[in-house]
Number of protein chains: 2
Amino acid sequence: MGERGSGRAYEAWLSYSQRGGDVQIPNPYRQCFEHIVVAEETDIVHSAVEELKHAISGILGHMPTVTSVLDTPCAIVLGTTESLSKLGGWIQDEEAGKLTDEGYLMKTVETEGKLIIAGRSDRGVLYGTFHFIRRLCMNEDLSRLNMVENPANELRMINQWDNMDGSIERGYAGRSIFYDQNRFTADEQRIRDYARLLASTSINAIAINNVNVHERETKLITAEDLPDVARLAGIFRDYGIRLFLSINFASPIQLDGIDTADPLDPRVREWWKRRAAEIYAHIPDFGGFLVKADSEHRPGPFTYGRDHADGANMLAEALEPYGGLVIWRCFVYNCMQDWRDRSTDRAKAAFDHFQPLDGRFHSNVMLQVKNGPMDFQVREPVSPLFGALKKTNEVLELQITQEYTGQQRHLCYLIPQWKEVLAFDTYARWKGSTVDQIVSGKLFGRPHGGIAAVSNIGNDENWTGHLLAQANLFGFGRLAWDPRLSSEQITDEWVRMTFGEDTETRSIISCLLLQSWRTYEDYTAPLGVGWMVNPDHHYGPNVDGYEYSRWGTYHFADRDGIGVDRTVKTGTGYTAQYYEPNASMYESPESCPDELLLFFHHVPYTHPLKSGKTVIQHIYDTHFEGAEKAEQMISEWTKLKGKIDHDRFEHVLKRLIEQADHAKEWRDIINAYFYRKSGIPDRKGRTIYSF
Amino acid sequence: MGERGSGRAYEAWLSYSQRGGDVQIPNPYRQCFEHIVVAEETDIVHSAVEELKHAISGILGHMPTVTSVLDTPCAIVLGTTESLSKLGGWIQDEEAGKLTDEGYLMKTVETEGKLIIAGRSDRGVLYGTFHFIRRLCMNEDLSRLNMVENPANELRMINQWDNMDGSIERGYAGRSIFYDQNRFTADEQRIRDYARLLASTSINAIAINNVNVHERETKLITAEDLPDVARLAGIFRDYGIRLFLSINFASPIQLDGIDTADPLDPRVREWWKRRAAEIYAHIPDFGGFLVKADSEHRPGPFTYGRDHADGANMLAEALEPYGGLVIWRCFVYNCMQDWRDRSTDRAKAAFDHFQPLDGRFHSNVMLQVKNGPMDFQVREPVSPLFGALKKTNEVLELQITQEYTGQQRHLCYLIPQWKEVLAFDTYARWKGSTVDQIVSGKLFGRPHGGIAAVSNIGNDENWTGHLLAQANLFGFGRLAWDPRLSSEQITDEWVRMTFGEDTETRSIISCLLLQSWRTYEDYTAPLGVGWMVNPDHHYGPNVDGYEYSRWGTYHFADRDGIGVDRTVKTGTGYTAQYYEPNASMYESPESCPDELLLFFHHVPYTHPLKSGKTVIQHIYDTHFEGAEKAEQMISEWTKLKGKIDHDRFEHVLKRLIEQADHAKEWRDIINAYFYRKSGIPDRKGRTIYSF
């Protein structure tokens, strides 16, 4: 249970005390670090001050004084814009006016020897402080601090898929830090440290239990558990993070023996209102409910002949008086499909279910949509639901935990994937209707919006199983704050915060991270077709693993070709769910991007790609090359021996060796499968283990 | 836990009280059933008498008197031949001389109005009594009773794969009747009833724990558990059944912290001797040890550079003073094979491991060999180890529990399969060197021999999950006693004992049973190739489920053909493990029987079978027909509505419906898989769900 590594692995990217030699602060600014002036200390500002003290003492080796009065010539001054205005005239009204609720500004007032960190709210102060510390670690020029930052997204959320028995659905880094044996864990420091890590990247919301709400977890909204939930909410509150709960739609039945959970039944509506009142009595700033309903055997409004809008609105009304939100997941499809049924296409399900409901949802309902239409595969198109809902709040759901992407035994850095999703142009209103514009609420002027992601942490000492998987958690938060940050920027920040300023170290690790997604894609399922994994646990190659199953996840490979025809002309018609010109682009195999070809089209193995290669040769080449790249990662990493501490070096090395070995298994099984089926030899004559 | 059915389901084939109207006994023999005379009552004879009383009162509605003196004109007289000689001169020395230790004779002494049941030993009396009851139920002519029966096999054994946590490895009928939550269960009546069922078919040995001996079960040979084990041994002893334990070869390490389990280490040898002494102090007639060693990660002598003979002999020496046996399993192979390695053939492993050791084993060691070289597939050749060991005791291992044959959700009556195994001519000495002659010890004059099988029972009310699966348990015992009984005879006995004398009922159920194995084979893996099941749980179709695995279980299907080349000429050389003419018969695809073709040969889909069909058309035909036959079983069974009690009727009907549905799933997946690969259409144009 949990591996014990070095303290550095636990401290993750907030490992200040290890940074001694790295960070240089020239005078006169060095003096500023002797004193922190805080205008007005709320709990959140207190967290910011503590973090700053911790960082300064770790990095510079001395503990700054903290005062609320300005009695030194040089100082770091922090507080809300309002509280700072009482101390000095450093911030102009025009500057302050640029800040939204969680925004902050940082500036150097050289003449007065002050470094100013000011937030519109205390959360802004906290985010500004973490940003300031990041700049400090990255040796940025303090003489020129002058920036205003506002979050692109209101909601920046983490979904924990933790169960109260301590297991984590799709968890690959030990057991839950929140629960064990159906009770709350006692280790509050661990939870506080998690809150710090999240807040440092700007996360401001967390749902603390699995969206599949089992019997025990159903009780989280009752008097029995609410004191404990409130205790957790208090820890997260200190870091500006609102707590949400995943709820069981059938709670009135299960908890109070009411004979229905019909959202239009007055008893049910009243029940949820009373429940909301009780929750808010314990947690005045409770975030709201996260709901998986009528999906994969979870209960929902369908049982009563109602629809998702009826279900979500009923809950929304209960939460509305308190400012609570309902986050309703759109991961709804027929999970009992007959593989022989060729008329059903799982990819179409979310759109078919939710698009017709546009405009029916209350303003405090948000629909949470997975990035792709299937389920977090290494490559999928962007879900056509983005932009299809114009009068509905949307939240993008990403998966940090690497369910289908190597389960934190493989390095697969997902920021480049998420960047593609966020930058995808849906053309919902005009050219430039990118996903990030939609989920932020900007494109359609929605009151709420944001990004959520499934956490990848557990009680492993290093949080994420694979140390380098910490980068996915860090990067998610940074992207949620600012989707326009480049992968390279985010990567550079994380690598430097985690491993310091050595140039070769930075360069090697950044390259490893940035190439890893493509490498993983290369040696796994080709050209967007997905799903060639072992059923249930989803680890390792199994080409037909989901081919004759009830999950709607097929590749249709035969001796002549492979892929799913989702065209309007001859297939399932899925392409019609996109706006033009995307619909046409995907409809035609000529214009469909290579990497999604098999998602949209069934083609012969001899079909030529834009690269000039045939599909079959592409499969062989990417698998041989992918496995080779996995092997090369080991030699790249080995160059860092002696440059980073022994524990972290050996830990990552071990994982990379496992990955390279498993990549060969992937290569050989995929190649053998397709050679046996197609009979077409590799043009380069490499070894394929055919019969 | 466990389904509750009617009492009949629980009583299985000993359901006397339900037989009222069925059984007719003409005078003068009716009077004999008023009185039972017992010469000398041992515990086992007591069991026989109780059973006979129970049967008579159930069937005839009156309770017979039991005396030890001959004071009535008509009576059933039972006892050992020796004890009976004191009562009357009914048995000639010549007759008595025909009996072996467990043999019995039955005769009608018409002049004296006596029905005699006499055994050489008290166990013979018990078996004779059960046989007498069977004849009674089957309305046989009591005026002509005159038979001598001796068992063909000394050892007739059941292997329970029960774990002490209450689970059963490969159990499909509820949880263990022996254990729950790492303790012995309290329900001794259930165990006693199981002993009755077993004894009624002649079973005389049982190993009460899983051959995979985990940590908890390792302790069964210690003072902590031996009193409980002895209690169970006592229950089975009353029914003539000796108790065995599966042991952990590493016990000296795990139980007493000795630093080795090396079979040649004096401390280890001494340790096992002390252990044997303690076991026999608790259980004087303890049967011995069943051992799975150096197989599937179980510990064994290989760790110490020793071989199986060293390991088995060391245990044999410890048990020898007490008459105990070591039953050493030959299911040994490399279970970490690389699927890319084409030089290893799992089918060869048991022979390669054990044949060279022939002559090295002590006389109280028996090698237990699975019927086929792989693992209880629906169709395999007979293991070439039978007959290859001439100076070694061999036990045939069969699997009653339907791991690969439908898991008691499908009807698959295995007696016809076992009959083929037992009748297989190995030519080890001469024509007629059948497996039954080898394992009985007759062919090579071995002191010990027999048949063992893995049980299919659990705590379900009807014992076996599927009621009709009781027939496999019954039939196994009957075959172990007399391998020359025909499938039809055994089936008729079971059907009549279980369902009575109605002609149509007998005919329908017998047909269902006798056709079911072939039907199951038809809609599952074709032509002996096996293994097309879902990994781990082994239920349901998955053609590539084991194709790229480490288990050595491949079919090598590509776009041109399928099958495993095990010939000497071009393949793994497995055929050479057989004697001539079998070796040559299997070596050539022309002479290899169709049903094993793909086990021995890789052939094109267009290869013509002896039936005139191509391989691919055979696959299509058998799968369409097999699924159709499964469907027809429902209508056949439905004819019995009203003829058998509601509970049993509905229970079987439900299972048959499930089977027919699942058979279609098998049909469609197998056909789709091969059509996609071969591209060859069904000649009859039936529906195949290709891409």
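A salt bridge here is a side-chain nitrogen of Lys or Arg within 4 Å of a carboxyl oxygen of Asp or Glu, and by this rule the count comes to 120 salt bridges over all chains. The model is predicted, so that local features need pLDDT of at least 70 and side-chain atom pairs count only at pLDDT 80 or more, whereas totals for chains, interfaces and linings use all residues. Residues are numbered from 1 along each chain as its sequence is written, chains are lettered from A and ligands numbered from 1 in the order in which they are written, and side-chain values use heavy atoms, with hydrogens and water left out.

**View 1. The interface of chain A and chain B.** Contact, meaning heavy atoms within 4.5 Å, joins 25 residues of chain A to 25 residues of chain B. The area buried between the two chains, which is the accessible area (1.4 Å probe) that two parts lose on being put together, summed over both, is about 2,700 Å², and carbon and sulfur atoms give 55% of it. Of the interface residues of chain A, 100% are also interface residues in chain B, so the copies meet through the same surface. When the copies are superposed by least squares on the C-alpha atoms of residues with pLDDT of at least 70 in both, chain A can be laid on chain B with an RMSD of 0.0 Å by a turn of 180 degrees and a shift of 0.1 Å along the axis. The two copies are thus related as by a two-fold rotation axis.

**View 2. Salt bridges between the chains.** Between chain A and chain B the count is 6 salt bridges. By class, the side of chain A that touches chain B has 9 nonpolar, 4 polar and 12 charged residues, where Ala, Val, Leu, Ile, Met, Phe, Trp, Tyr, Cys and Pro count as nonpolar, Asp, Glu, Lys and Arg as charged, and the others, Gly among them, as polar. In one salt bridge, the closest N and O atoms of A:Arg676 and B:Glu547 are 2.7 Å apart. In another, A:Arg340 meets B:Glu665 at 3.0 Å, N to O. This pair crosses from the loop between β13 (325-329) and α13 (349-354) of chain A, which holds A:Arg340, to helix α22 (residues 646-678) of chain B, which holds B:Glu665; helices (H or I, at least four residues) and strands (E, at least two) are DSSP runs, numbered from the N terminus. A:Arg340 has a relative accessible area of 17% and is buried, the term standing for under 20%, with exposed over 50% and partly exposed in between (1.4 Å probe, protein chains only).

**View 3. Salt bridges within a chain.** A:Arg267 and A:Asp265 are joined by a salt bridge of 2.9 Å, N to O; A:Arg267 is partly exposed at 43% relative accessibility, while A:Asp265, at 14%, is buried. A network of salt bridges links A:Arg19, A:Asp22, A:Asp492, A:Arg496, A:Glu501 and A:Arg506.

**View 4. The surroundings of B:Thr491.** B:Thr491 belongs to helix α17 (residues 487-499) of chain B and is buried, with 1% relative accessibility. Its side chain makes a polar contact of 2.9 Å with the side chain of B:Tyr413, a polar contact being a pair of N or O atoms within 3.5 Å, of which, within protein, one must be able to donate a hydrogen and the other to accept it, and residues adjacent in sequence count only if both atoms are side-chain atoms. A polar atom of the B:Thr491 side chain also lies 2.4 Å from the backbone oxygen of B:Ser487.
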